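Please prepare a short briefing on how the chains of this model are arranged and how their parts pack together. The structure is shown first, and the notes follow by topic.

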Amino acid sequence: MRPFKNRDIISIKDFTREEIDYILEKSNEMEVHYKSDTPSMLLAGKILGSLFFEPSTRTRLSFESAMHKLGGRVISVSNPEFSSAAKGENLSDTISCIQSYCDVIVIRHKLEGSSMLAAEVSNVPIICGGSGTKEHPTQALLDLLTIKNEFEKIDGLKIGLAGDLKYGRTVKSLAYALSLYNNIELYFISPPLLKMRDDVLKSLNDSGIRYHEYENVEPILSKLDVLYATRIQKERFPDPSEYQKVSGSYRFDKKLFERLKPKDTFIIMHPLPRVNEIGYEVDKMPYARYFKQAYYGVLVRMALLALVLGKI
Amino acid sequence: MRPFKNRDIISIKDFTREEIDYILEKSNEMEVHYKSDTPSMLLAGKILGSLFFEPSTRTRLSFESAMHKLGGRVISVSNPEFSSAAKGENLSDTISCIQSYCDVIVIRHKLEGSSMLAAEVSNVPIICGGSGTKEHPTQALLDLLTIKNEFEKIDGLKIGLAGDLKYGRTVKSLAYALSLYNNIELYFISPPLLKMRDDVLKSLNDSGIRYHEYENVEPILSKLDVLYATRIQKERFPDPSEYQKVSGSYRFDKKLFERLKPKDTFIIMHPLPRVNEIGYEVDKMPYARYFKQAYYGVLVRMALLALVLGKI
Amino acid sequence: MRPFKNRDIISIKDFTREEIDYILEKSNEMEVHYKSDTPSMLLAGKILGSLFFEPSTRTRLSFESAMHKLGGRVISVSNPEFSSAAKGENLSDTISCIQSYCDVIVIRHKLEGSSMLAAEVSNVPIICGGSGTKEHPTQALLDLLTIKNEFEKIDGLKIGLAGDLKYGRTVKSLAYALSLYNNIELYFISPPLLKMRDDVLKSLNDSGIRYHEYENVEPILSKLDVLYATRIQKERFPDPSEYQKVSGSYRFDKKLFERLKPKDTFIIMHPLPRVNEIGYEVDKMPYARYFKQAYYGVLVRMALLALVLGKI
């Protein structure tokens, strides 16, 4: 009856398509609580432990807002150096204590696999708030919700993922999640140095997903339903001049859109923060959805909190 | 009917005298909620985004307390280095996302004009929590509320502003606000190097406000109704020996008050933190109001939050 | 009728045995609120000022959780450098302002005697959250609650305190508190350099408490009801090789327990964070209570907050 009660949210790979669709459906049902003028009491008396041992503003505030929107309470860590971590304590002891202080925990930690480790020792459900370079499951869910709500479907869409496909954790989670849908076509657009990893490509092949690799968005922009842009970090390039050469190709601005003429229904997304991947003048074009993603993020996190606490 | 609903609070200069009087009246009405033993639900279901990208304890906690006193919730940033600001994101993108997480935002940021910038992109009302060297509108309002409640009027008072009049943002906002009242007489007491700026003096002239400039409080202390002391920073003086020479003249202690005999109704105020501008023994003298200002600050911020959220 | 209303909680030495027993009794009554599915409103409308000017995760989150569990609200400082402390303000001014923002304050500050100083200026009750090297009264209370609930008594128990007895503040507070009970026998186990201070021993003598000093747990482990382990800091030893020599003797692991055969009812406690004083494999042995202490800590802090606010 409450299939997500006490479940940990560690990796998007732990979910079936049916489960994801269920989460997205519940996320949209949260809109009533989000917009209601009378405060929700759905999670009244419940406490979220919001443990961000690595930098985050948006994800942390989004989770905390979601908890408050449902009437719950929040205890928060947002400063790693200034905590018992600085006294040399290991994460597993920290979680073993903090689980007595709250009913659900969201955690971001630099340690690879930290959320899974936390889930192993914790009696309360653990939600991964972004872990190392690999996982960011709630980002993938909010990306999916954005696409689904904007197109009223996910099946059959042509979706471009651009920028740093090798190290970016959001694109990997999203590519995996999209591979659960039917008739999806993926376009990977990146410099050769930052191509999608072979293991991800192999797993897409195994799922029968069609994908194409490009170094530039020009040949295919007009075909795309969605362009998902991400940041390319200078530090990834051994030679800074290499970065200078390629970075311009992963910057999307008004001129580009005017020249390449995307579909009427085309949207551009970005996990944010952006540096200069999307021109500021694009914010006012009808394609921009990257700020609306922030809104969908609150809905997804409201749903997840209510689900793992067994309240929906 | 709700004249302040959705309004931004960026600068004290945006308000007429009538509007300020209205805010002060509403602030005093908040005392019922402040002192009530049954918790207020006036802002239940509303979330304050408390974004302090620059150091603050008092202003941040005062706003957060005000929100809680009215039954609202708070999400908070108090650590600039440890946030997406550190990843190079610009303020306007940060606000464009965070506005989805809350119903009203208070912001302090080192960038001059940051609150106005935030107000331009935000769909939720923005309140300036102190911005660069120029604005601190809620401090000016709480200063006015202190004066009004202690004297049952503001018109006709003789008010001294002492210390760093050149760089201090609180004195500028307060001088402007006082200039809206009738028959005010201002006394500017500062070392020549830190005199009130010409543009402020010019605007006082234009408003027909009488003011006098002194280097020392001695000749006029006995005439004053209010002395508003502020901190003088050593770093303002190119030559440290210059600082040593003048700083003693802007320190107000028991001896000084015993010698210069202020009026019975005289009060001394300070925006705090003080370093040594006011002797600690003065705390127990009948003149001290600088800690009571902190209390009035909560009332003002309760009123402003309720006003911009359209609940009063 | 409300004997703790408005009382400050500064030192465990301020309490009689009767008062401590009353607090422990009230702490156990808090379990109903802790476990209830309908949120408690006992402290609704009340605000806790949670002021941690020194590193803490556990104690801070434990107090904040306790306040939320009873329906109260929290304003929080967890970053000393990033606050008005950095502008040179003294603690007494900070407290004089913040008392207007909340109904009760918990404070941790590096300054010796900071809680007492805060209590002198504050109109709202002050609870010490750990102060310098001397006091941590709520830790002592939760330690007592753990012992009392596990044995259904405290009188008559044999309790070992191991590790750094010279500088550790938790062992001193606990030794004092235990000295209030009848027929207690204390075993102090430490390297000579870190022996319990003479003044503490003298005061135990004065109370007629039996105690014994050992350098090693081996001869007496099988007699103990409780072993309270604490961390030994390398930095205490002028010569690092000295540390290497002794540290192994204050590490308690499965092998040790299998060899020395503690009583069936034996428990091992630790104030945490541990570094390597207790082997991780011990967590699953029936003796481990150090994580359960964290749970009791919430109950104790719920009771204290409700007591000093006059609600129980």
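Do the interface residues of chain B and those of chain A show that the copies meet through the same surfaces or through different surfaces? Only 5% of the interface residues of chain B are also interface residues in chain A, so the copies meet through different surfaces. This is a predicted model, in which local features need pLDDT of at least 70 and side-chain atom pairs count only at pLDDT 80 or more, whereas totals for chains, interfaces and linings use all residues. Residues are numbered from 1 along each chain as its sequence is written, while chains are lettered from A and ligands numbered from 1 in the order in which they are written.

**Relation between the copies**

**Contacts of chain A with its neighbours**

- The contact between chains B and A takes 22 residues from chain B and 21 residues from chain A, where two residues are in contact if their C-beta atoms, placed from the backbone, lie within 7 Å.
- On the side of chain B that touches chain A, the elements giving two or more residues are β2 (73–77) and α4 (91–98) of chain B; helices (H or I, at least four residues) and strands (E, at least two) are DSSP runs, numbered from the N terminus.
- The largest share of that side, 5 residues, comes from α4(B), and by class the side has 10 nonpolar, 8 polar and 4 charged residues (Ala, Val, Leu, Ile, Met, Phe, Trp, Tyr, Cys and Pro count as nonpolar, Asp, Glu, Lys and Arg as charged, and the others, Gly among them, as polar).
- The contact between chains C and A takes 21 residues from chain C and 22 residues from chain A, and α3 (58–69) and α11 (290–308) of chain C each supply at least two residues of the chain C side.
- On this side of chain C, α3(C) gives the most, with 6 residues, and the classes are 10 nonpolar, 7 polar and 4 charged residues.

**Helix packing within chain B**

- The axes of α3 (residues 58–69) and α11 (residues 290–308) of chain B come within 8 Å and cross at roughly 55°, the axes being lines fitted to C-alpha atoms over the stretch in contact, with angles from 0 to 180 degrees between N-to-C directions.
- The residues that α3(B) brings to α11(B) include B:F63 and B:M67, and those it meets there include B:V298 and B:L305.
- The residues of this contact divide into 7 nonpolar, 3 polar and 3 charged.

**Domains of chain A**

- Chain A is assigned domain 1 (12–136 + 297–308) and domain 2 (137–293), with bounds that come from an automatic or database domain assignment.
- The centres of the two domains, taken over C-alpha atoms, are separated by 26 Å, and their contact takes 19 residues from domain 1 and 19 residues from domain 2.

**Backbone features**

- The peptide bond from B:L272 to B:P273 is cis, with omega near 0°, and B:P273 is found in the loop between β9 (267–269) and α11 of chain B.
- A:N6, in the segment before α1 of chain A, has a positive phi of about 65° although it is not a glycine.
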